[in-house]
Structure formats: C-alpha cells, structure tokens
Amino acid sequence: MSRASTAKPAKKTAARRAPAPPARLVVFVATRKGAWIFHSDARRKAWVADGPHFLGHTISHVQLDPRDGRTLLAAAKTGHLGPTIFRSTNLGKTWKEAKQPPAFANPAGGPPARSVDHTFWLTPGHAGERDTWYAGTSPQGLFRSEDGGITWAPLPAVNDDAQFREWMGSAQDGTPDGPKLHSIIVDPRDPQHLLFGMSGGGVHESQDAGRSWSTLIKGMEVVEGMDPATVTFHDPHCVRLCPGQPDRLYQQNHCGIYRLDRPGDTWQRIGRKMPKRVGDVGFPMVVHPRDPDTAWVFPMDAATVWPRTSPDGRPAAYVTRNAGRTWQRQDEGLPETQAWWTVKRQAMTVDAQAAPALYLGTTSGELWIGRDEGARWSLIARHLPEIYAVEVAALA
Amino acid sequence: MNVLIPGALRSYTRQSHVDAAGVTLDALFTDLDRRYPGLRFRVVDEQGLLRPNMRVFVNGIGVRELQHALKPDDDVAVVLALSGG
C-alpha cells in the first residue's frame, strides 16, 4: 500500500553537525479528548503510549520546557469548564493546575472586555530566561508567565490595544472554533525579539519583549477581492523561524506558502512552485533543525467550499530543499487513496536527530512518523481522538 | 449552605456536597475558591459571568445573575448543561 517517494533526504543535511544521540525520544500529543505521551529510544522504532492524561478534556497543546527537560505545560478546557493550564515537573507523572491561568484584564476606558475561551498555543521563553513562557489564546490574546507557568499576566500592548482589537475582529472573523493567536516565536539570539501570528489578523513583531509591536505582512496575499493593506484580512496559519538561520522565517498562510529573509520585510510566495492540482494551502509549517533551506508543508484541499481534507483523499507532505524554489512529494507509506484527514497547524513537527524524523497527527486520530526526513511514513498509533498538536523532544 | 458539586468539578472538592458561605452567588464562588483553589475560574470567567454551559439552581430555581442574594439555609446546585459531543 505504498509507492515510491519522489523525494530523497538531502545528503548535505546528514553531514551537518548534529547533536549526540539521545537516550530517548518523547512525543507529546494533544487531542480533543485528552493528551498522550509516547516514549521511544534513539532508534525510534518501538513506541510506548503513556495516557490518556486528562481524559475528556480538550487539550490544545502540550509543551516540554527544553531548559530543564522535565517541566510540561498542558493547555486544557472541557465542554463545560473554563480554560486552565496544567503543569507537571516530572514529565507527566503528576500534574498541578496553574494558580492563575491566562485571563484578560478589563482596563477602564479600554475596548470591550473579553474572556479567554481556551489557551491555544504555548511557547517556552528564551534559553536565558528560565521559567518564562508565552501563551496565545482564543479569542486572540498574548500572555506571559515568569514563574514556569504557575501564574500568567496579559500583555496589554496586544490585548487591550484598540488597533490590535480592530485587527483581531470578532468571533465571526476567526476560525470555526474561535480566532487564534499562535506561532509565538522567541528569537534564540535575543529574548526581546518576539513574533506571533493571528488567524486572522496578520503577523506581528516586537523588539522590546512585547511592549511595542509592528506588523509584518508586506508581500502576503489575501482572499481575492480584499485589500492586502488591511491587516484584518491576513490569515497566517503557521509561522516558523529556522533554528539554523534565525533570520529566515517560513509561513503557511490561508493564501499560500511564504519565506521571509530578514532584514528584508517582504514575504516571498514560494508556494507557487507547488503542483497546481495540490495547491499551496494547508495548516502546518515545519523547518529543518539545522538546514534553513529545508522545510515541509502538508497541503489540504482549499477548493470551492474548502473541504480542508487531503487533496483527492491522498495525503502527502511536500518538502523543499532549496528554500522554496522546488518542492517534492513525500507519500511513501501514507494511504494511497480514500484518506480524507488533514493535519492541523500544531500537529506536525520534526526532531533534531542526525537523520531527523517528522511526526504528524491527523484529524482522524492517527500519529505518524516520517523517517529519513519524511521519506518513509509509518504509524505510531491510531484510534486516538482528533489530534490538535504534536511536539517531540530528545531526552538524555 | 449546602452546595451540590457536579462531577466535572469533583477533582477540586473530592465530594459531591460541600459547605460554603456567601451573601451572593458571587461571594459563594469566592468562598468555594478559597476552600478549593482554582474552582471559581472554571465556572465564572474573568469578567464575572457564569460560563456558558454552567447552570446554577438556588432552591430549585435557575439563576444566572451572580449578584443573586443567598440565605444561609439555601440549597445551591451547580449543574452542567448539555453540551459537547
């Protein structure tokens, strides 16, 4: 049930400096009905499931703190209860609830008050800022914790700013389960340099740790007939910074795939080189841990009524090895036909091993590994609930 | 007063019925949060509104206004409305 892939892993990446083999790999899976943690050794052949954690809770994201290798945060809510953050300091053996989860302020004279529906995105802070975390919420809000996720404070320059609130629009302007603030990026060279995306509402950048912001939308396209100068109309789905070249950003957008090389300020639409029958719309964007010319997307059907399924029911990743000049299909091992799932924006990632493997979670509850940089796909698990997010970490 | 706690909140209280005090529903949830930290925010949002799928009954009468006055011998039931799938 597999066919030959047209893509091969680039030899140049294998020769790049890679970390020493870890003792084990851990994959964190957030789903509509709970969280799972999958454990393996450095060979990544056999996986042991630990879970469910928080069965019945909607878990939008589970993230490991890379600064200590044992603290986990999980963004949770249920069908009835309000949103919260759970925290573990022993890799999920036990959990404790945040004392003060993300919650909007209500400043006098400000825009209309809002309530957090759910925390959608979690990003650990800079390596030099121990215990700092960022969270993005729905409706769109940006929050920071400086105590490892125990208490959270809103960033007023985003959450209570009249211009930002106009760009955020209303619940009518966002994704079906609410508008999202996502893709919170901390520059590994500078903790003051932050970026985030809003669906919808554009890409934004701060050079002063979030006290002031500028838009970063030049070159990004919008839905036909709308004005690209209007920030509200921009819908970045996922933005990633290249660890191997932090001046390079990739973006999967509602209207194409883009690359931006700083200090330039104009996004280049690199998705035009994708096959026309597949298109260049999807949710996730994945960047290589070392090679800034290598990145992956997982296209979805954006024709007519936007089915948001794999095009033609034939799921595949696409990889570029030259910063978007060409793309190759990677589908060996994936279903050849009648597979109508897709992959959400947080549900695809890559590890940092010498021969990196990709990981993706599907809306149908399957967890896949793409060995040799996506050249060969196989199942880690199936029959999970709808998968919202997948993260991977190497532990000593 | 006696407060009936729904199953979804028993990870906080560990029991179905608890004692708590307050002259209003708002004060009652503040007291419940003091006894069971974190409980209030799961039921009442940061703008002081009962969350959409939570229902509260005082002596069998449905109430959504958190300023609703309470008496010491009232029976309060926190109930989950139908939702989800």
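A residue is called buried if 20 or more other C-beta atoms lie within 10 Å of its own, exposed if 12 or fewer do, and partly exposed in between, with the C-beta atoms placed from the backbone. A:Leu367 counts as buried because it has 23 C-beta neighbours inside 10 Å. The structure described here is a predicted model, in which local features need pLDDT of at least 70, side-chain atom pairs count only at pLDDT 80 or more, and totals for chains, interfaces and linings use all residues. Residues are numbered from 1 along each chain as its sequence is written, while chains are lettered from A and ligands numbered from 1 in the order in which they are written.

The confidence of the prediction is given by pLDDT, the predictor's score for each residue from 0 to 100. Chain A averages a pLDDT of 93, and 93% of its residues score at least 70. Over residues 1-15 of chain A the pLDDT is below 50, and this stretch has 32 contacts in the model beyond near neighbours in sequence. Here a contact means that the C-beta atoms of two residues, placed from the backbone, lie within 7 Å.

A:Leu367 belongs to strand 26 (residues 367-370) of chain A; strands (E, at least two residues) and helices (H or I, at least four) are DSSP runs numbered from the N terminus. Leaving aside residues up to four places away in sequence, A:Leu367 touches A:Val29, A:Phe38, A:Gly361, A:Ile380, A:Ala381, A:Leu384, A:Ile387 and A:Val390.

Strand 9 (residues 133-138) of chain A is mostly covered, with six of its six residues buried. In a regular strand the side chains alternate between the two faces of the sheet. In strand 9 of chain A, A:Trp133, A:Ala135 and A:Thr137 point one way and A:Tyr134, A:Gly136 and A:Ser138 the other. Two strands are said to pair if DSSP finds at least two bridges between them. Strand 9 of chain A pairs in the antiparallel sense with strand 8 (residues 118-124) of chain A over six bridges, and A:Trp133 is the bridge partner of A:Pro124. Strand 10 (residues 141-145) of chain A is also an antiparallel partner of strand 9, over five bridges.

In chain B, strand 3 (residues 54-58) pairs antiparallel with strand 5 (residues 75-80) over five bridges, and B:Val58 has B:Val76 as its bridge partner. Strand 3 of chain B also runs antiparallel to strand 4 (residues 61-63), joined by three bridges, with B:Val56 opposite B:Val63. In the hairpin of strands 3 and 4 of chain B, B:Asn59 takes a positive phi near 50°.
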